Structure formats: structure tokens, C-alpha cells
Amino acid sequence: MGNKKILIITYYWPPSGGAGVQRWLKLSNYLLKLGHEVHVIYPDKKYASYMVLDETLTKEIDSRIFLHPTKSLEPLKWYAQLFGKKNIPSAGFANINKKSIIQQLIIFLRTHLFIPDPRKYWRIYAYSAAKKIIKQHQIKNLITSSPPHSVQLIGNRLKRNFSIHWIADFRDLWTDVYYYELLNHSRFSNYFDRRHERKVIENADHIVTASSVYVPFLNDKSKNNNLDKYTTIPNGYDAIDFEKYQLIENDIFTLTYTGTISDQYNITPFLDALSQFKAGNPNNPFCLQFVGSVYPNLKEELTQRNLIGNTKFSPYVPHSESIKFLEKASALLVFGPLNRHGKEGGIPAKVYEYLAARKPIIYVGKKDGFVAEIIHQTASGLAHDNNIVDIQNHITDLYQKWESNNGILPNNAKITEYSRESQAKTFANLLQ
């Protein structure tokens, strides 16, 4: 299985922070441990327009990985200078204020001038570096990971010009992602975006998706494909991150959400249920904890439901610190964004670390979807749609278990299927 040479092209790499960087930081390390030679192309931090930084992640990179940082040309940096960094759309467009003329202008420019995305000019430098590395090291396996989906265009060009086995890795959907409607594409820009998507899907030797939900969306883009071309390898957790993890029972019932949240996420039923729980249990103190970027109107929505006094906010923290918040949680929250088709338009990567945290999960999204199946399979919590009564009953049940010191979940062997080490082995089987 080992001794294969792999070139990985990913925009997000340490010191970039956020969920996007975790997948290939972890998988690269484990592919190396399986005996493969791993090369990674990414934009140098001096040129990249990363929304958040986490310098601690650089310490996790195995020193035997061949790193190839490149220059980049980044329109988002120009935007930040012209309009201020706070107006630049964050991951999942969580910070978008639909009433802001400046932000709507930025989205219009982004959608019509930079197809498929504003990081498209990095491909000039990444492609040049990839050509040299492929020739010098005689690499036969290429992996491109997106978003940003302009990374896949690098793979498409390399496939045309080299005899190489190309795996296109989709961490998220492209034109069917849950926030795609926010981009306000014209017929012109939508046509070219879908054209890029179709060419990548047709020309890649194999396609990996972070969820089986993504497969029919991608496969339907072309009549020249078949389902044998797809493999689902979800995001996961790294056991190393949990070596010092402590199962703590907090002195106050704490419902924790880590990561970015936008108003496209299905949080309203949960807020209504929590408000009713508070009204019905005035003597039961609790804390609602958000760690990371939240959408502009969330505090107003909490105030309207008399929950703001029970809520704490923390800005983005390094990944290792986010694990600490899981230690102190009594329950963990996931809200699943749906796309215009009513399907899961994105799979929150936090789900897998939540599994390893062994704290009960409250999921509000698609009750019979991909995330719900994982939670059910691992006996890690309950999935809900918009039924406020069911969510409130779930909160009440978890509060009672926490109160009786019975809130920590037992070990479940099913969870190990979602370890990064296990997933790296699956990826290795796709190499040639």
C-alpha cells in the first residue's frame, strides 16, 4: 500500500485556522505514516487571504512532509483594504448582513468578476509549482481539495497536461451548497460556474465527497459519469487531539456550539425550544455557549427570546482550545444548513469531534439525513427537524441526566470509523 508519491493541492493549510484546514492537515500526516511520500502545495501566509489564523496548527505538520508554499494574487485582500476586513464574507457567509450595501456590492463583484471564486488567481502560481514538482519527483497521484473550488481547476489543467491519477476531493458542494443563493448569480455567471463544475466532474479520475448526500448532486451535473467514480470519505476526528481530553461535569448545565454559524443554519427551532425550557423551569440555571463567528442578528434573536442573559460568546480560538470547550460542555449543538432542494447543503465538520467528545448531541436539521444517521449509528444524541416540543423534551431529558451526574456517554466502537487514521487508509486505497 505504501511507497506512493502524492501531490496534494489545498488552499487551506496552517497557519490558516478553521474547519477547512483540518481535513488535509490530518490526512497528510496519516498518509505519510502509511509509507507514502507526501507533497503539499498551498499559498504562503504572506499572500493568502485567510479569514482566521491558528499558528498552533503548524506544530502538527509532520516534518517529513514536503511543503511547497507559493505566491498568490488575492482580490480579497484588496477588498479588505477598501471596505474593511469585517465586511469580507467569512466561512459559510456567516457574517453577511443583507441590509449592508457594502457587503452586497462585495458579493456582486465576487460573483461576476471572480468565477468560481476570488481565490482563482492562486491557481497561476499553484499550477506552475505543481508542474515542477510532478516532473522532479515523478508523481503519479494528485489530490485537489475544495472549497475554494478554483483549486479543482488546477487539477483539471494538470490532468490535461500530465499522465497523472487525479482525485478531486469535495469537502462541500459547489453550485448546490447551502449559501449559493446568497451569491446572487446572474444567468451569465451561473452558466460559467456550472460549466467549470461539470468539466471537473467529468475529467477527474475519481471524486471523493465528505458526505454521500453530495454524490447525486455532483453526478447529475454530467451524463458522462457513473456512481463508480465516487467514494464518500467524511470528515473525522484525530485521536491525538483527545489524548489529554478530560470528561468534566460542569457546575452549570452548558449547551455548547463551536465554529461558524450563519443565519442559513436551522437554529430558530432550537432557540424557541430553549426559551420555552427556560420559561417552564425558572429555577434551572443553564448557559448557552457560542465559540466562533456568529451571524449579525443572533444576539437580537436571543434577546427577543429572553436568552441573552444565559448566553456567552467567545471569538475564534485555536483548535486545541476549542477542545477545552467540549470538555466543559454538558451537551453539544449542531445546526444543519439545508440548500434550495431541501437537502443537506453542508455537513458541519464539528460533528465528528463531537462524537469523540462523548457529550450528548442535539442536532437540528434534516431528521432523516446524513448527520442524523451518524448520530443514530453511534448513539451520540438525537436529531430533530423543526418540532419545538421534541427539542424541548430533549433538552429537559439532558438536563435531568446532567443533574444526576449521568450526562457522559459511554464508549462506542462505531466512533472509530470516523477517525482520521481510518479515513487515510480509505484514501490510500484510491491511489494508483
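This is a predicted model: local features need pLDDT of at least 70, side-chain atom pairs count only at pLDDT 80 or more; totals for chains, interfaces and linings use all residues.

Reader: How do I read two rings against each other?

Author: You describe an aromatic pair by the distance between the ring centres and the angle between the planes. Here the count comes to 24 aromatic pairs. Take Tyr-11 and Tyr-12: their centres are 5.2 Å apart with 80° between the planes, an edge-to-face pair.

Reader: Are Tyr-11 and Tyr-12 buried or exposed?

Author: Both Tyr-11 and Tyr-12 are buried. Now look at Tyr-191 and Phe-192: with centres 5.1 Å apart and planes at 80°, over the 60 degrees needed, this pair is edge-to-face too. Phe-192 has 29% relative accessibility, so Phe-192 counts as partly exposed.

Reader: Which residues make up the aromatic cluster that includes Trp-402?

Author: Phe-253, Phe-277, Phe-286, Tyr-399 and Trp-402 form that one cluster. Tyr-399 and Trp-402 also turn up among the buried residues of helix H13, which makes H13 a handy next stop.

Reader: How do I read a helix like that one?

Author: An α-helix has 3.6 residues a turn, so residues three or four places apart point the same way.

Reader: What covers the buried residues of H13?

Author: The cover includes helix H8 (268-280) along with strands E8 (253-258), E11 (331-335), E12 (361-364) and E13 (381-384).

Reader: Why does the length of H13 agree with what a helix should span?

Author: H13 runs over residues 388-403, and at 1.5 Å a residue its 16 residues should span 22 Å; the end C-alpha atoms are 22 Å apart, so the two agree. At the start of H13, a side-chain oxygen of Asn-387 comes within 3.1 Å of the backbone nitrogen of Val-389. Just after H13, Asn-405 has a positive phi of about 60°.

Reader: One more: where does Gln-22 sit, and what does Gln-22 touch?

Author: Gln-22 belongs to helix H1 (residues 19-33). Its relative accessible area is 6%, under the 20% cut-off, so Gln-22 is buried. Leaving out residues up to four places away in sequence, Gln-22 touches Leu-57, His-319 and Arg-420.

Terms used: Residues are numbered from 1 along each chain as its sequence is written. Side-chain values use heavy atoms; hydrogens and water are left out. Rings of Phe, Tyr and Trp (its six-membered ring) pair if their centres lie within 6.5 Å; planes under 30 degrees apart count as stacked, over 60 as edge-to-face and the rest as tilted. Buried means under 20% relative accessible area, exposed over 50%, partly exposed in between (1.4 Å probe, protein chains only). Helices (H or I, at least four residues) and strands (E, at least two) are DSSP runs, numbered from the N terminus. The expected span of a helix is 1.5 Å times one less than its number of residues. Contact means heavy atoms within 4.5 Å. A polar contact is a pair of N or O atoms within 3.5 Å; within protein, one must be able to donate a hydrogen and the other to accept it, and residues adjacent in sequence count only if both atoms are side-chain atoms.
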